[in-house]
Amino acid sequence: IAEFVKVVPMYEISVMIGFFTGILIMSYFVSKCLSAVNDAAMVIIEESNNQIKNILRTNCKPDYHKVISILTKASLKEMILPTLLPVFIIITGFAIFNYSLDYNQALLFLAGVMQSIVIIGVTLGIKMTIAGGAWDNAKKAIESSGKKNTPMHKAAVTGDVVGDPFKDTAGPAINPIIKLLSIVCILIVVITSI
């Protein structure tokens, strides 16, 4: 740890600003992942209602491919901003530090960003995956014990509604964003040092 502190001094203002910037980036990304699930679900509910009305009127078969296509497009559209905005913030932060202070301070900013992205990202990823799985398993345990339609089961269903996006969306999405932002930081250093 002493060698690490010598390489990246945590008491530097640039490192601390980078560290808090990384925390904000990860918090923003996770919140947008969770809200993207809600937005995509609303689109699917609307399409499902339309298809049910159509089935009741015309007695036709449901169009599963349309639902899957809508969900795929909604998912991709919802994740454009949460992926590009952190990259833009890191590049802009580096440019501000590089031009207003100096190159070394800009590198310390990137070091702080990378530290917090890894520390907060791994912590959030593990927490969300485990918590989401626990909520899901709690609901299944209550259902298997024969306590369906009780207040306990209703609370577990509410928990599972939160737990599914935790373990299926936000938790697994953190690993790729850690890799992406780390590669962006490394590429900035490589390109600017040439």
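What radius of gyration does the protein chain have, and what would a compact globule of 194 residues have?

**Figure 1. The whole chain, a predicted model.** The protein chain has a radius of gyration of 22 Å, whereas a compact globule of 194 residues would be near 16 Å. The radius is taken over C-alpha atoms, and the globule rule is 2.2 Å times the number of residues to the power 0.38. Along the principal axes, the C-alpha atoms fill a box of roughly 70 × 40 × 20 Å. The chain has six helices and zero strands. Its pattern along the sequence is α-α-α-α-α-α. Helices (H or I, at least four residues) and strands (E, at least two) are DSSP runs, numbered from the N terminus. Buried residues make up 34% of the 194 residues. Here buried means under 20% relative accessible area, exposed means over 50%, and partly exposed lies in between (1.4 Å probe, protein chains only). Take the contacts between residues at least 6 apart in sequence: 77% of them join residues at least 24 apart. Contact means heavy atoms within 4.5 Å.

In this predicted model, local features need pLDDT of at least 70 and side-chain atom pairs count only at pLDDT 80 or more, while totals for chains, interfaces and linings use all residues. Residues are numbered from 1 along each chain as its sequence is written, and side-chain values use heavy atoms, with hydrogens and water left out.

**Figure 2. Helix α2 against helix α3.** Two packed helices are described by the angle between their axes and the distance between the axes. Helix α2 covers residues 13-58 and helix α3 covers residues 64-78. They pack at about 155 degrees, with axes 9 Å apart. α2 is therefore roughly antiparallel to α3. Axes are lines fitted to C-alpha atoms, for helices over the stretch in contact, and angles run from 0 to 180 degrees between N-to-C directions. Angles under 35 degrees count as roughly parallel, over 145 as roughly antiparallel, 65 to 115 as roughly perpendicular and the rest as oblique. The crossing of α2 and α3 is right-handed. A crossing is right-handed if the near helix is turned clockwise from the far one by less than a right angle, and left-handed if anticlockwise. From α2, the contact uses A36, D39, A40, V43, I44, E47 and Q51. From α3, it uses K66, V67, I70, L71, A74 and E78. These residues divide into eight nonpolar, one polar and four charged. Ala, Val, Leu, Ile, Met, Phe, Trp, Tyr, Cys and Pro count as nonpolar, Asp, Glu, Lys and Arg as charged, and the others, Gly among them, as polar.

**Figure 3. Helix α2 against helix α5.** Helix α5 spans residues 103-144. α2 and α5 pack at about 40 degrees, with their axes 6 Å apart. α2 passes α5 in a right-handed crossing. The residues of this contact comprise 15 nonpolar, nine polar and no charged.

**Figure 4. Helix α4 against helix α6.** Helix α4 (residues 80-100) packs with α6 at about 30 degrees, and the axes lie 10 Å apart. That makes α4 roughly parallel to α6. Their crossing is right-handed. α4 brings P82, T83, P86, V87, I90, I91 and F94. α6 meets them with I177, L180, L181, V184, C185, I188 and T192. The contact holds 12 nonpolar residues, two polar and no charged.

**Figure 5. M128, a residue of helix α5.** Is M128 buried or exposed? M128 is buried, because its relative accessible area is 2%. Leaving out residues up to four places away in sequence, M128 touches V30, L34, F166, K167, A170, G171 and I174. T158, in helix α6, is exposed at 51% relative accessibility.

**Figure 6. H153 in helix α6.** Helix α6 runs over residues 151-193. H153 counts as buried because its relative accessibility is 8%. Beyond residues up to four places away in sequence, H153 touches K139, I142, E143, K147 and K148.

**Figure 7. Two loop residues, N59 and N149.** Most residues other than glycine have a negative phi. N59 has a positive phi of about 60 degrees. N59 sits in the loop between α2 and α3 and is exposed, at 70% relative accessible area. N149 has a positive phi near 65 degrees. N149 lies in the loop between α5 and α6 and is exposed, at 67%.
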